[in-house]
Amino acid sequence: MGEGTNSNNTQIKPRGWDALEIKLKSRGLSIAEVQEARKSFYEGIEVLSKMFLVCYDAEKKSLV
């Protein structure tokens, strides 16, 4: 079975960082630029997850 397919032979589109990396490489970014973008991407995900947890905890406390 090839990469990007499942047992039903349907194409699975990359998501998240994988999709972004493909686009960046297709636009000719250097390896260093892609690595910097990856670092920034995951730092952003970390910030968003912390923001979600803060908001979720605040909402949960207000319901009690």
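**Aromatic contacts, a nonpolar patch and salt bridges**

Student: What is the relative accessible area of Phe 41?

Tutor: This is a predicted model, in which local features need pLDDT of at least 70 and side-chain atom pairs count only at pLDDT 80 or more, while totals for chains, interfaces and linings use all residues. Residues are numbered from 1 along each chain as its sequence is written, and side-chain values use heavy atoms, with hydrogens and water left out. Buried means under 20% relative accessible area, exposed over 50%, and partly exposed in between (1.4 Å probe, protein chains only). Phe 41 counts as partly exposed because its relative accessible area is 23%.

Student: Which residue forms an edge-to-face aromatic pair with Phe 41?

Tutor: Rings of Phe, Tyr and Trp (its six-membered ring) pair if their centres lie within 6.5 Å; planes under 30 degrees apart count as stacked, over 60 as edge-to-face and the rest as tilted. With 5.2 Å centre to centre and 90° between the planes, the edge-to-face partner of Phe 41 is Tyr 42.

Student: How many residues apart in sequence are the parts that the pair of Trp 17 and Phe 41 ties together?

Tutor: The structure holds 2 aromatic pairs. One of them, Trp 17 with Phe 41, is tilted, at 5.6 Å centre to centre and 50° between the planes. Helices are DSSP runs (H or I, at least four residues), numbered from the N terminus. Trp 17 lies in helix α1 (residues 17-26) and Phe 41 in helix α2 (residues 31-63), so the separation in sequence is 24 residues.

Student: Is Trp 17 buried or exposed?

Tutor: Ring pairs link Trp 17 into a cluster with Phe 41 and Tyr 42. Because its relative accessibility is 5%, Trp 17 counts as buried.

Student: What accessible area does the nonpolar patch that includes Tyr 42 and Ile 45 have together?

Tutor: Patches of nonpolar side chains (Val, Leu, Ile, Met, Phe, Trp, Tyr) are joined within 5 Å, from residues with over 30% relative accessible area and no salt bridge; like charges are joined within 9 Å. Tyr 42 has 41% relative accessibility, and Ile 45 has 42%. Accessible areas come from the Shrake-Rupley method with a 1.4 Å probe, and for residues only the protein chains shown count as cover. Tyr 42, Ile 45, Val 47, Leu 48 and Met 51 together have about 480 Å².

Student: Which residue forms a salt bridge with Lys 50?

Tutor: A salt bridge is a side-chain nitrogen of Lys or Arg within 4 Å of a carboxyl oxygen of Asp or Glu. The structure holds 2 of them, including that of Glu 21 and Lys 25 at 3.2 Å, N to O. In the bridge of Lys 50, the closest N and O atoms are 3.9 Å apart, and the partner is Glu 46.

Technical notes:
Helix = DSSP H or I, 4+ residues; strand = E, 2+ residues; numbered from the N terminus.
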